[in-house]
Amino acid sequence: MEAAPEEKLLEVEGLSKVFRVRRGLVSTPFAAVDGVSFSLSAERHEILTLAGESGSGKTTLARMILGLIPPTGGRLLFRGRDVTRLSDAERRTWFRREVQAVFQDPYATFNPLRRVESYLYETAVNFQVARRAEADEPIERALNAVGLSLKEVRGRYPSELSGGQLQRIAIARALITGPSLLVADEPVSMLDASLRMAIVNLFRELKGRQSLIYITHDLATAYYASDRVAIMLRGWIVELGPVEKVLGNPLHPYTRLLRSAILEPDPSRRRERMAAAVPPDAREPLGVGCRFVHRCPLAMEICRRAVPPDVLSDGRLVRCHLYRGEAGDGRSEQGAAAIPGWAGQPEAGAPDPTGPH
Ligand code: SF4
């Protein structure tokens with residue numbers, strides 16, 4: 001008997017977001033996210049990291065997944081339902097309970113003049129988790145999950161708590177609704193190095209409760225936190241697979257450069273290597289071929305004129321002409337399907353560099 005297809009929590013299919021960028025008097029289309037695809041299983045929890053430098057499109061992608069901005073093209077399904085077609089009521093009640101966000105700056109999350117517990121009660125009441133008088137129990141549960149208690153938090157203002165404690169409270173607030181998915185956008189970048197690993201460890205502990213999309217430019221925490229990682233470059237996912245493959249033995253030249261930069265012990269050489277990997281201006285014209293062609297040490301003639309295909313190679317997908325021969329002629333549907341959680345990207349009619357608009 002054939003196994004039933006795996007139920008999906010999230011399906012991102014060829015998702016794109018095009019902004020208009022003003023240059024002098026003219027505005028031109030700019031594809032911040034261009035034809036990105038992946039999925040998360042509803043049957044097992046995982047941490048998927050979207051990693052890339054500033055301008056790679058990872059935050060725009062996260063904002064689309066959270067329903068904060070609409071996509072320009074592609075599909076975004078949550079539990080099989082098209083997120084862009086939800087009614088306002090469904091978005092407010094069902095979707096926002098299921099998908100919660102943790103943002104970068106815990107200091108900006110809380111008004112310095114409000115006691116922090118007021119945010120927790122507000123969330124419990126607004127999302128109809130409990131009435132005000134009965135909200136202590138779900139709030140206590142959420143705080144306990146992040147290593148805090150209501151007793152420690154009650155009556156305190158943000159200035160009386162550390163950045164690490166505030167970020168834990170922000171995470172507890174997201175947990176109150178019992179979400180199936182947390183989307184955490186650079187959640188440790190504003191914290192001291194000593195607190196970062198504590199929060200990353202917390203995410204690993206919380207994986208027992210729901211899946212997490214972790215957005216970061218920090219490959220070290222990505223390596224530690226993730227089950228899978230997607231490396232983003234100028235709107236594309238250029239490498240996607242299990243973290244031990246993608247960061248342990250990267251194949252894409254961009255991933256290799258990023259990884260070599262973090263392994264460099266000398267900070268000034270690390271900066272040089274990063275500069276070699278990152279485009280000088282993420283909004284510079286994208287050209288017609290590979291978006292890494294001007295910085296790639298292995299660039300070939302074909303890289304300037306043809307968009308690279310997604311190729312299955314050594315247990316991950318990699319978007320690069322170097323691997324074309326490995327899964328037949330470029331990426332095959334069969335090859336894509338062999339990686340759990342990869343929904344595949346449309347190769348036919350290679351995407352317009354500026355994306356749909
Ligand atoms: Fe380098 Fe070509 Fe691969 Fe792009 S497609 S990463 S330019 S080898």
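Biologist: What does helix α1 lie across?

Modeller: Helix α1 (residues 58–65) lies across β1 (8–23), β2 and β4. To β2 it runs at about 65 degrees. That angle is taken between N-to-C directions, on a scale from 0 to 180 degrees, with axes fitted to C-alpha atoms, for helices over the stretch in contact. Contact means C-beta atoms, placed from the backbone, within 7 Å. The model is predicted: local features need pLDDT of at least 70, side-chain atom pairs count only at 80 or more, and totals for chains, interfaces and linings use all residues. Numbering starts from 1 along each chain as its sequence is written.

Biologist: What makes β4 and β5 a pair?

Modeller: Pairing takes at least two DSSP bridges. Strand β4 (residues 73–78) is joined to β5 by 2 bridges, so the two strands pair. They run antiparallel. Leu 77 stands opposite Asp 82 in β5.

Biologist: Why is β5 called an edge strand?

Modeller: The open sheet has 4 strands, ordered β2-β1-β4-β5, with antiparallel pairing. β5 (81–82) pairs on one side only, and so does the other edge strand, β2 (26–41). Strands are DSSP runs of E, at least two residues, and helices are runs of H or I, at least four, numbered from the N terminus. The chain has 14 helices and 12 strands.

Biologist: How do you know that the buried residues of α4 line one face?

Modeller: Val 116, Leu 120, Thr 123 and Ala 124 are buried in α4 (residues 116–126). Seen down the axis, they fall within an arc of 95 degrees, so they line one face of the helix. The arc is that of the directions from the axis to the C-beta atoms. Exposed Ser 118 and Asn 126 sit on the face turned away from the buried side. The cover over the buried residues includes α5 (136–145), α6 (150–153) and α7 (163–175). Just after α4, Gln 128 takes a positive phi of about 60 degrees.

Biologist: Why is Cys 303 called buried?

Modeller: Cys 303 has 22 other C-beta atoms within 10 Å. Buried needs 20 or more (exposed is 12 or fewer, partly exposed lies in between; C-beta atoms are placed from the backbone). The count of 22 meets that cut-off, so Cys 303 is buried. Its place is in helix α13 (residues 301–305).

Biologist: What does Cys 303 touch?

Modeller: Leaving out residues up to four places away in sequence, Cys 303 touches Gly 289, Cys 290, Val 293, Cys 296 and His 321. Its C-alpha atom is 8.8 Å from that of Phe 292, 11 residues apart along the chain.

Conventions: Two residues are in contact if their C-beta atoms, placed from the backbone, lie within 7 Å.
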